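Please read the following report alongside the sequence and the coordinates.

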Amino acid sequence: TYLTQQLQNGDSDCSWELTLFWSKLQRRMDPSIESFLERCRQFGQIAKTVPHLFFLLKVIQAEAEDAGLAASIWLCVRALQIQSSSDAEMKTSVCKTIACLLSEDLEVKRACQLTEFLLNPSTEVYNSLEELYLIPDRKYDEENALIPNSLRCELLLALKAHWPFDPEFWDWKTLKRHCLKLLGVEPHEQSDSDQNSHDVSESKLLQELLSEKEPATEQSETDMKTCDTTDQPERIRKAIGTSKRYQRWLQYKFFCLMCQREVIEA
C-alpha cells in the first residue's frame, strides 16, 4: 500500500529500497514469474515518474531476466510517454536502456540513437548514429522476435513522438543534412570540406602516379633513341652516274646538230 501511494504521488523517498523490498516479498509469497511481471505492469501503469519505472525495471531484470524482456520494454515505453522536468536526460537514459535490451534489432537501435541525438545533439552521439546507419539494413524476423510485434510498433511510435521530422523514407544523406544543421554545421560547408579532401587525395594520387611513370617514360625515350640509331639499316650512298637507271638513260641520249644540245630519244 505504501509503495502504491509513492508511485501515485511521485514521492521518491527511499523508493529504490522500498521497490527492492517489495520484489523480494512478492517472489516469496508467489514464486510465479508471470504473477510478478503482471504486478510490475500494474505498478508501472500508476507510476508518475521515470525513476520509479527504472526501479521496477531493475527488479524485473534481477528476478525474471530474459523472461521479463517484454515487461521491461513496456516500462520503457511508459517512461518515454511521461513528461518530467529533467526530460532530456531521463529520456536519453531510457533510449540507452532500450538499445541494450534489444541489441540485435538494428531499426530499434537506430531509432533510439536518433532520439538520443535529437534530445541532446552532440558530435559523439552523431558519430554513433552515423555508424548505425552505415550498417546494411537487416530484415526484421517477426517469427523469432524477442518481443511481440505490437509492442515493438508501440515502442517505435513512442520514440518517433520525440522527433521534429519523420525520416521513415529518408536515406542517410538526407537525414545527415538535418542532423548537421542541429549541430550548427551547414551542409554545404561539410560538402566543401569533403570535396576539398577528395581533391587533395586525387592530387596526391596523380602526383604519385606521375612520379612512378617519369622514370619509365625517360627509359622508353632512351630506348626509342637507341632503336632509331641502332635498329635502322645504314643507307649506302652510290657514286653519281653509276646507277642502272642512269646507264639506261645514256643509251637514248644523242647530240642534235640543229639544236646544238643533248637530247633524249623518246
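## Confidence of the model

Over which residues does pLDDT, the predictor's confidence in each residue from 0 to 100, stay under 50 with zero contacts beyond four places in sequence? That stretch is residues 192-198, where a contact means heavy atoms within 4.5 Å. Over residues 229-234 the pLDDT is likewise below 50, and this stretch has two contacts in the model beyond near neighbours in sequence. Where pLDDT is low, the predicted coordinates should not be read in detail.

This is a predicted model, in which local features need pLDDT of at least 70 and side-chain atom pairs count only at pLDDT 80 or more, whereas totals for chains, interfaces and linings use all residues. Residues are numbered from 1 along each chain as its sequence is written, and side-chain values use heavy atoms, with hydrogens and water left out. The mean pLDDT of the protein is 80, with 69% of its residues reaching 70 or more. Confidence is lowest in helix 11 (residues 187-230), at a mean of 51, and highest in helix 5 (residues 69-81), at 96.

## Overall architecture

The protein has 12 helices and two strands, taken as DSSP runs numbered from the N terminus (helices are H or I, at least four residues; strands are E, at least two). From the N terminus on, the elements run α-α-α-α-α-α-α-α-α-α-α-α-β-β. Of the 266 residues, 31% are buried, a term that means under 20% relative accessible area, with exposed set at over 50% and partly exposed in between (1.4 Å probe, protein chains only). Among contacts with a separation of 6 or more, 61% are between residues 24 or more positions apart.

The 15 residues of helix 2 (residues 15-29) should span 21 Å at 1.5 Å a residue, and the end C-alpha atoms are 21 Å apart, which agrees; the expected span is 1.5 Å times one less than the number of residues. The buried residues of helix 2 are S15, L18, T19, W22, S23 and Q26. They cover an arc of only 135° around the axis, so they lie on the same side of helix 2, the arc being that of the directions from the helix axis to the C-beta atoms. On the other side of helix 2, F21 and R28 are exposed, while the cover over the buried residues includes helix 1 (2-9), helix 3 (33-46) and helix 4 (50-63).

In helix 6 (residues 87-101), the 15 residues should also span 21 Å, in agreement with end C-alpha atoms that are 21 Å apart. Its buried residues include M90, V94, I98 and L101, and what covers the buried residues of helix 6 includes helix 4, helix 5, helix 7 and helix 9.

L155, in helix 9 (residues 149-160), counts as buried because its relative accessibility is 0%. Residues up to four places away in sequence aside, L155 touches I73, V77, L80, I98, L102 and V108.

R110, in helix 7 (residues 106-119), also counts as buried, at 11% relative accessibility. The side chain of R110 reaches the backbone oxygen of I135 at 2.7 Å.

Key
Polar contact = N/O pair within 3.5 Å; in protein donor to acceptor, adjacent residues only side chain to side chain.
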